[in-house]
Amino acid sequence: MAGGHHGKPLLATALRPEARVVLCCARTEVGPDLVAQIKALTALPLDWEFLCGVAEKHRLTQLLFRNLSAICPESIPANITARLRHQFHGNAGSNLRLGRTLTSLLQTFRAEAIPVIAFKGSILANCTYGKLALRQYYDVDLFIRQQDLEQSDRVLVGQGYICDEVFDQEARYSRPDNAVEVDVHWGFTPRYFHLTVAADELFARARPDTLLGQPVMTFSAEDLLEILCLQVMKDCWERRQQLEHLSKVCDIAEHLRAQPQLEWSSVFRSAQQKGLQRVVHCGLILARELLGAELPPEALRRIEADQGARNCARRVCRSLFTETDRLSPLANPYLSLGLRFRQLAFYLGIRERHRDRVRHLGEIVKSVWVLTR
């Protein structure tokens with residue numbers, strides 16, 4: 001299923017064949033060996049309801065349908081084919097609508113001279129997966145400089161959007177008439193994650209691309225790899241300390257495939273400067289061992305030497321493809337005292353610098369004091 005590794009495997013138990021099908025299909029390029037595996041697995045008496053449920057939960061329905069329908073359409077029950085086709089085309093239509101919304105907003109931001117970088121969502125689908133239809137996503141994400149927050153708010157309100165919620169480094173907008181959510185970011189994590197974002201440097205390294213024939217700016221390949229690894233670990237830290245959507249790991253694997261000329265020295269230098277080495281290593285371990293992402297010798301040497309990163313990767317995979325994995329997201333993760341302590345333990349494992357750990361410990365102590373007053 002993936003490359004070799006040192007130490008214990010990420011998944012503690014043998015995988016059900018349904019889960020193996022999802023993993024084999026969770027990529028845009030399926031080689032001959034994987035084609036043979038998929039054909040052999042789908043010849044078994046599968047629980048197709050479980051298989052489809054796993055794919056939907058992990059936001060991999062698009063890739064599942066595309067690959068199964070191309071490789072072994074005769075092995076898929078007719079009702080499952082109809083169900084997956086309906087979901088595929090529904091998601092594809094939604095993605096096109098989101099892509100058009102994004103390009104329209106970017107034009108408006110350019111007209112107001114507000115620097116903006118588009119990321120995740122339509123950008124990843126188009127520029128990394130190669131087609132808008134191949135990635136499941138549900139909103140539009142924009143990155144701005146903090147000093148442009150008021151101006152961007154005026155632009156969005158002028159376009160009919162309403163600010164629904166403001167977090168410490170993100171604002172969420174919606175427009176009732178088009179059911180599109182727009183998330184505006186000026187950071188990538190809550191402040192108490194303790195990550196300094198040098199926005200001007202990110203904009204200086206940003207690269208031009210196109211989406212639906214329109215010019216867009218997105219992060220450099222090296223910055224995006226760091227951001228994608230950070231997104232996976234941030235989501236695990238904030239929620240159940242387990243992978244919530246395997247699609248986030250798929251993003252890393254597909255980015256590595258699409259960017260063979262990645263400047264790895266820049267990736268590792270940036271991670272070291274920010275105290276994100278373990279975060280990046282963990283993301284690479286997940287992409288390699290779950291989805292077979294290829295890594296250069298230097299990256300392999302680094303991840304194989306980081307036992308802490310392997311421990312974190314095993315921890316977030318401990319419930320993958322089990323009944324626990326299918327639980328709904330926490331309704332309000334911010335009011336749980338037990339979760340605060342689990343977050344603390346997880347954070348201490350993914351940040352390698354002592355000063356980051358001490359600062360976070362102080363934040364947890366303060367939040368616990370507030371919760372227990």
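In helix 3, the residues Trp-48, Phe-50, Leu-51, Cys-52, Gly-53, Val-54, Ala-55 and Lys-57 are buried, where buried means under 20% relative accessible area, exposed means over 50%, and partly exposed lies in between, with a 1.4 Å probe and protein chains only. Before I go on, please keep in mind that this is a predicted model, in which local features need pLDDT of at least 70 and side-chain atom pairs count only at pLDDT 80 or more, while totals for chains, interfaces and linings use all residues. Residues are numbered from 1 along each chain as its sequence is written, and side-chain values use heavy atoms, with hydrogens and water left out.

When I say helix or strand, I mean DSSP runs numbered from the N terminus, with helices being H or I of at least four residues and strands being E of at least two. Helix 3 covers residues 48–57, and because eight of its ten residues are buried, it is largely enclosed by the rest of the structure. What covers those buried residues includes helix 1 (17–25), helix 2 (32–42), helix 4 (61–71) and helix 5.

That brings me to helix 5, residues 78–111, which is where Thr-101 sits. Thr-101 is buried, with a relative accessible area of 12%. If we leave aside its neighbours within four places in sequence, Thr-101 is in contact with Val-140, Tyr-161 and Val-180, contact meaning heavy atoms within 4.5 Å. Thr-101 and Cys-72, on the other hand, are 29 residues apart in sequence and 35 Å apart in space, counted from C-alpha to C-alpha.

Let me turn to the sheet. Five strands form an open sheet in the order 1-2-5-4-3, and the pairing is mixed; two strands are said to pair if DSSP finds at least two bridges between them. As a general point, strands of a sheet pair through backbone hydrogen bonds, either parallel or antiparallel. The edge strands are strand 1 (117–119) and strand 3 (162–166), each of which pairs on one side only. From one strand to the next the twist averages 30°, and for angles like this one the axes are lines fitted to C-alpha atoms, for helices over the stretch in contact, with values running from 0 to 180 degrees between N-to-C directions.

Which strand is joined to strand 2 by five bridges? It is strand 5, residues 180–185, which runs parallel to strand 2, residues 139–143. Within this pair, Asp-139 stands opposite Glu-181, and Leu-142 has Val-184 as its bridge partner. Strand 5 also pairs with strand 4, this time in the antiparallel sense and over six bridges, with Glu-170 standing opposite His-185. Strand 4 and strand 5 form a hairpin with four residues between them, and Ala-179 in the turn has a positive phi of about 55°. Strand 5 is mostly covered, since five of its six residues are buried.

A second hairpin is made by strand 6 and strand 7, with two residues between them, and here Leu-212 in the turn has a positive phi of about 50°. Strand 6 (residues 207–211) and strand 7 (residues 214–218) run antiparallel and are joined by five bridges, and Thr-210 stands opposite Pro-215.

Now for a pair of helices. Helix 9 (residues 221–238) and helix 12 (residues 277–291) pack at an angle of about 85°, with their axes 8 Å apart. They are therefore roughly perpendicular to each other, a label used for 65 to 115 degrees, whereas under 35 counts as roughly parallel, over 145 as roughly antiparallel, and the rest as oblique. Leu-225, Cys-229 and Met-233 are among the residues of helix 9 that meet helix 12, where the residues in contact include Val-279, Cys-282 and Leu-286.

Finally, the cysteines: how many disulfides does a search of the whole structure find? The search finds zero, a disulfide being a pair of cysteine sulfur atoms within 2.5 Å. Cys-250 is in no disulfide, and the nearest cysteine sulfur, that of Cys-25, is 11 Å away; Cys-250 is also buried, at a relative accessible area of 0%. For Cys-282, the closest cysteine sulfur is in Cys-312, at 5.4 Å, which is too far for a bond, and Cys-282 counts as buried at 1% relative accessibility. Cys-236, found in helix 9, likewise counts as buried at 1% relative accessibility. Leaving out residues up to four places away in sequence, Cys-236 touches Gln-241, Gln-242, Leu-243, Val-316 and Phe-346.
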